[in-house]
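Colleague: I have this one open on my screen. Can you walk me through it?

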Amino acid sequence: METLLPADWKPWRSASPLGGRRPTKAEMAQATAAGSGRDDVLPFPTDRESAGLLRLLIVGINPSPWTAAVNAPFARPGNRFWTSLALADVVDQTVDASRGLCAADERMLAERGIGITNLVSRPSARADELTADELRAGGAHLVQRLGVLCPTAVGFLGVTAFRAAFARPRATLGLQGADVPDGWPPATQCWVLPNPSGLNAHETAQSLADKWEDVWAASAEA
């Protein structure tokens, strides 16, 4: 799948309100208290405009305080997300999102057909601070969005949250078979991957990259 963007395409997301610097503890606490999350990473501002342009939609659980403060996904240093994508050649270089996403990074993601969203928009320091109701509501909303976005593949980060969000207590890592969530678009692959947070001691950047290689290859063949 090749994504073709208009020659005059420009990033539309809000820049980091911190002007390209890392957040302080006070600013992270402020962002968490505001509960506003961050902008999705999509080629265009709406799902309808972005429909059919995504090879891979990556779904995180919810934003960290750091991510919310700089309006960039997986921004906290120590998270293996961007490193693992680069090791797997999903992106062409390791993105430093700790101060926000730069215009070149946003264009690269759009050109490669990569979108990034969250299951729940409310920021928290740990994913286990979310309620079951929040996870289920986020899962239902995600399925509705997939019907519009029509990505080739979805990579969901965090098997525990996936199980709770979609009432799939026996779900395991990897490509989900016939037991996909109710309403899941049949043409969209459903992958569950480990949480790349530094709190997940069971994984390394390389072990995560190995799993991303499988997702990226399968999405090219679809």
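**Sheet and helices**

Modeller: Before anything else, this is a predicted model. A place to begin is β4 and β5 (residues 189–193), which pair in the antiparallel sense over two bridges. In that pairing, Gly-174 stands opposite Val-192 of β5.

Colleague: In what order do the five strands of the open sheet come?

Modeller: The order is β2-β1-β3-β5-β4, with mixed pairing. β2 (114–118) and β4 (174–175) are at the edges with a single partner strand each, so one side of each has no neighbour in the sheet.

Colleague: Which strands does helix α8 lie across?

Modeller: Helix α8 (residues 205–221) lies across β1 (56–60), β2, β3 and β5, and runs at about 175 degrees to β5. Helix α7 (residues 159–166) lies across β3 (153–157) and β5, at about 130 degrees to β5.

Colleague: Switching to α6. Which residues there are buried?

Modeller: Leu-135, Gly-138, Gly-139, Leu-142, Val-143, Arg-145, Leu-146 and Leu-149. Viewed down the axis of α6, the buried residues fall within an arc of 170 degrees, so they line one face of the helix.

Colleague: And what covers them?

Modeller: The cover includes α2 (47–50), β1, β2, β3 and α7. On the face turned away from the buried side, α6 carries the exposed residues Asp-133, Gln-144 and Gly-147.

Colleague: What span should the 18 residues of α6 have?

Modeller: At 1.5 Å a residue, α6 (residues 132–149) should span 26 Å, and its end C-alpha atoms are 25 Å apart, which agrees.

Colleague: What comes just after α6?

Modeller: Cys-150, with a positive phi of about 55 degrees.

Terms used
Residues numbered from 1 in each chain as written. Predicted model: local features only at pLDDT ≥ 70, side-chain atom pairs only at ≥ 80, totals over all residues. Heavy atoms only, no water. Pairing = 2+ DSSP bridges. Helix = DSSP H or I, 4+ residues; strand = E, 2+ residues; numbered from the N terminus. Contact = heavy atoms within 4.5 Å. Axes fitted to C-alpha atoms, helices over the stretch in contact; angles between N-to-C directions. Expected span 1.5 Å × (residues − 1). Buried < 20%, exposed > 50% of the residue type's maximum accessible area, 1.4 Å probe, protein only. Arc of directions from axis to C-beta.
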